[in-house]
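Dear colleague,

I am handing over the structure that we spoke about, and I would be glad if you could look through it before reading my notes. Please keep it open beside this message.

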Amino acid sequence: MKQSIANIGWQDSKVLIAAFVWMMTFFVALFGLRQTEWAVGVKVLLALLPIVPFAFFLWHFVNSLGNMDELERKIHLEALVIAFPLMMLFLMTLGLMELAIDLNPDDWSYRQVWAFSPLFYFIGLVWARRRYL
Amino acid sequence: MKNRLRLLRAEREWTQADLAEKLGVSRQTVNAVETEKYEPSLGLAFKIAHLFGQKIEEIFSPDAKEGR
């Protein structure tokens, strides 16, 4: 039997661990870039640091898709179908708001805005799961 | 799409978990098919039909609305 959708198996644990490591490197990079005056090369390296754990996360996530059954894959696909236009609408609205008012870059820079995409994906997952489960 | 999956499973006194095991899917998927929240792929429908020794159309049938 395929792993229960509600339970977390080893494959999912690897995805979660990879996501945790990726997030940790993001915060390390963020903290490092804010705290100290580094040479430009070091700053760029710090900024690129989360790419490596993200690649591992993506690899584990794509592998985990292979262990899902067809319903779970459909749920993830529908989550994407919801998350993508939501993110598009959000970016479009921010772009227009940027022209209308002064958005504080400390609140609305790329480093804040990207976090809305996993949030929208999670909203999509909840919506799709409620539909089928 | 309507189906007789719950009835066929009950006749054999299988739990949803038993059926899920035999089909290689999760128990939630079996439940979603039985409650007609989810229409299985053709591949899964064939597996179900083969498992119960029936034709697909003997297990799955279109809703009255779909038939119009």
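This is a predicted model: local features need pLDDT of at least 70, side-chain atom pairs count only at pLDDT 80 or more; totals for chains, interfaces and linings use all residues.

Residues are numbered from 1 along each chain as its sequence is written, chains are lettered from A and ligands numbered from 1 in the order in which they are written, and side-chain values use heavy atoms, with hydrogens and water left out.

The confidence score, pLDDT, is given by the predictor for each residue on a scale from 0 to 100. Chain A has an average pLDDT of 91, and 93% of its residues score at least 70. Within chain A, the highest confidence is in helix H4 (residues 70-100), at a mean of 96, and the lowest is in helix H5 (residues 105-108), at 88. Helices here are DSSP runs (H or I, at least four residues), numbered from the N terminus, as are strands (E, at least two).

Two packed helices are described by the angle between their axes and the distance between the axes. The axes are lines fitted to C-alpha atoms, for helices over the stretch in contact, and the angles run from 0 to 180 degrees between N-to-C directions.

Helix H1 (residues 10-35) of chain A packs against helix H3 (residues 51-66) of chain A at an angle of about 160 degrees, with the axes 8 Å apart. H1(A) and H3(A) are therefore roughly antiparallel (angles under 35 degrees count as roughly parallel, over 145 as roughly antiparallel, 65 to 115 as roughly perpendicular and the rest as oblique). Their crossing is left-handed, a term for a near helix turned anticlockwise from the far one by less than a right angle, with right-handed used if it is clockwise. Among the residues of H1(A) that meet H3(A) are Val15(A), Trp22(A) and Thr25(A), and the H3(A) side includes Pro53(A), Phe57(A) and Phe61(A); contact means heavy atoms within 4.5 Å. By class, this contact of H1(A) with H3(A) has 10 nonpolar, 5 polar and 2 charged residues, where Ala, Val, Leu, Ile, Met, Phe, Trp, Tyr, Cys and Pro count as nonpolar, Asp, Glu, Lys and Arg as charged, and the others, Gly among them, as polar.

H1(A) also packs with helix H2 (residues 40-48) of chain A, at an angle of about 155 degrees and with the axes 8 Å apart, which makes H1(A) roughly antiparallel to H2(A). Ala29(A), Gly32(A) and Leu33(A) of H1(A) make this contact with Lys43(A), Leu46(A) and Ala47(A) of H2(A).

H4(A) and helix H7 (residues 116-132) of chain A pack at about 135 degrees, with their axes 7 Å apart, and are therefore oblique to each other. The crossing of H4(A) and H7(A) is right-handed.

Not counting residues up to four places away in sequence, Thr25(A) touches Leu49(A), Pro50(A) and Pro53(A). Phe27(A), which is also found in helix H1 of chain A, is partly exposed at 43%.

With kind regards

Note on methods: Buried means under 20% relative accessible area, exposed over 50%, partly exposed in between (1.4 Å probe, protein chains only).
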